[in-house]
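Let's take a friendly walk through a protein model. Have the sequence and the 3D view ready as you read.

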Amino acid sequence: MKTPLAWKNVVHNKVRTAVGVAGVGFAVILIFMQMGFKGAVRKTATQIYDALEFDLMLRSPLYLHLTEPSTFPRTRVFQAASMPHVAKARPFYLGLSEWQRPQRPDSPAGQWQGDWRGIITIGVDPHDPPFIPAELRNKAAQLTDPRFVLIDSKSKPEFGPVNGVQFTEQDIGVETVLGSDRVRIVDVITLGTGLAANGACVANIEGFARACPWQPLDEVNFGLIVLQPGVNAATAKRQLQALLGTPTTSSAPSAKPADVEVLARSEVVAREEYRWVVQTPLGQIFNFGVWIALFVGVAIVYQVLSTDIANMMGEYATLKAMGYSNYYLASVVLQQSVLLALVGYVPSLAISWLLYRLVGAHSGLPMILTWQIAATVLALAVLMCALSGMAALKKLFQADPADLF
Amino acid sequence: MPGTKPIPATSGVFTDGRQAPKSIKVSKLNHYFGEGELRKQALYDNNLEVKRGEIVIMTGPSGSGKTTLLTLIGTLRTVQEGSLKVLGQELHGATRDDVVRLRRELGFIFQAHNLFESLTAYQNVNMAAELAGMDRKVANDRIEYLLARLGLGHRIHYKPKSLSGGQKQRVAIARGLVHQPKLVLADEPTAALDEKSGREVVTLFQELARDEGCTIVMVTHDNRILDVADRIVNMVDGRIRSDVAVHETSVICEFLRQFPLFADLQTSTLSEVADKMMVEDAEPGDVVIRQGDPGELFYLIRSGHVDVIVEHDGDKKKVAELGEGQYFGEAALLRDEPRNATIVARSKCVFYTLGKADFKDVLARSKSFVEELRTVLASRT
């Protein structure tokens, strides 16, 4: 059993190790948060899709992202319904409308304070709402009147919940204006707001038409296709696309309409994530944040390690004089750096878990600490410390035993 | 011996005639620091031989190059000019692997203890034992023996923080010795120690030198430990000014003391005289001095026997036989006369000689010179 010099060094100098661990921890928490935000962007971008029931989706080739979906003729949905493998084909309306902050019940007349907010408005058929969660389906069934809406509890407080924080059952019955017409909140759902809007509400199709009057109802945003059990989605997609024509954005005359794109569920999610994480600056900011955090971590750990080496220059030089190789010395320093990474990681994981919950509760972002994030951050922490260790090695190799005499 | 460089008597080269293996052999070693115009020579044409099992003390003012020489011997610097053999390995042009291999046979004791604060005394010493690949049990016994021997038996598992300066230094000494090095290089090993533990350390050095054939070279200014040296090397300005075998010098001093004229001289004066003596040798039958020649040297017989032959009116007569420790040739120097006898070597002889000027210079310091002179002359016929 060799003397575990690296471990002894880490354990021995508690103050310096504490500084190192704090430095690693700081960087690791930063990385955790950036990755959490990035994960939240990813999740947020697709969480409305997660609640929708479909195997294949029809949408316009001009679709950009959730809140800029463009439209296509509703007849395409009915065409799709004629396919033998298709169990259900439902139109799905989604647009951005304006929500007026409800007047507080006790505010005196003439002091109307309702600000206008952009809100995602979803239009569904209350007899057959295309939602997966049973709770959502049940609540959507209440949308029997175009003046009724369901409000998303994840909507930001500026949409005017009664308690000033979040829409709850207290808000049921509150009336306000959506678009240009009065609506009443009939229930509260939990859906999750997108990144392009801070709130969401659900109305029936007629209500949607009132909220977004610029969109005729024979132009739909999405077609949600549910296949018969046992039908291969890829095959069905090919058949459907063949029926509806190859999508194109050009307006050249064509025998087939070619105004619809057919996508499998996995493609929808992947494209939406790509859109937000890669194409918009949003995801890039967080990627960049990870790099910054890594850089900060490298700088701090380098400082700790190089101070440590500087303080033990004589000892390392003595080891060299004794005949220990540079390779051995390097392995001691690298072990020390990896130990710092591991020791710094554990508490940071716990703190980050708390911060995720805190930020998630506060911002409504779906901050989820997945094992993938935990593993990635662990790898980055080790990489970070190893990099600083390697940078510090230069100093170590300068240890000259001839200076000892 | 014309043509050859005279060898100082105190170098001990001729002692016993025994050619013990050399741990260190330095020849024509030069060393420079700096580059280009700033290049400054630190060592000039140094020659030194150290036998296995010898304890060598290097002295000299700071900046004299003794530390440079020590680091060169310890493979911590690269040899630039000349030859340096350590434990049989030529270091001029040695590869990294050779050097690293050699280093494991060396023990270093530095002035600063350089102990890892994070390791206990035992673990610090063990770092050296591990590197040498010592058997666990052997290493354990030796670490415990050395630490106990150095008075740290009760503090084996203490960390340096809980040890005094002297104790830390003793741990560092144990670390330098644990792997049974063949050569120990020490820089002021006893500087941080009180007299008692300093003595303990050098006694341990002596034991290692005697029992394990360990060669020890140390730089020290600690006069209390000079007595353990087999050899004292004094350096000044990058040159070895004197390289004295302590035992041989004391032998010479004893011999000189038997010479009545030198009897009242102090040891320090005698050793100065010894320093000035040179080696000469003779084969059986060689005429060392011839009657009637001018006298230039005073002779002390280190080994062998000679015949004293006086020639009187063409009649050669052997008047005496001299052996080890006896001397001849003084009369001609004292009276500035030609030699009054012929000396012929009977066997292979080694003489230590002192020049006329040096001889007279010494005599002038002797208070009882005149009386002694009379006695000496009176006792001669």
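What follows covers the domains, a pair of helices and a sheet.

This is a predicted model, in which local features need pLDDT of at least 70 and side-chain atom pairs count only at pLDDT 80 or more, while totals for chains, interfaces and linings use all residues. Residues are numbered from 1 along each chain as its sequence is written, chains are lettered from A and ligands numbered from 1 in the order in which they are written, and side-chain values use heavy atoms, leaving out hydrogens and water.

| Domain of chain A | Residues |
|---|---|
| domain 1 | 5–44 + 280–404 |
| domain 2 | 61–259 |

The centres of these two domains of chain A, taken over C-alpha atoms, lie 46 Å apart.

Helix α3 (residues 121–131) and helix α5 (residues 165–177) of chain B have axes that come within 7 Å and cross at roughly 30°. Axes are lines fitted to C-alpha atoms, for helices over the stretch in contact, and angles run from 0 to 180 degrees between N-to-C directions.

Finally, look at the open sheet of chain B: four strands in the order β11-β18-β13-β16, with antiparallel pairing. Strands pair if DSSP finds at least two bridges between them. β11 (278–282) and β16 (327–328) of chain B stand at the edges with a single partner strand each, so one side of each has no neighbour in the sheet. Strand β13 (residues 297–303) of chain B is joined to strand β18 (residues 349–355) of chain B by six bridges, and B:F298 stands opposite B:L354 in β18(B).

Note on methods. Domain bounds come from an automatic or database domain assignment. Helices (H or I, at least four residues) and strands (E, at least two) are DSSP runs, numbered from the N terminus.
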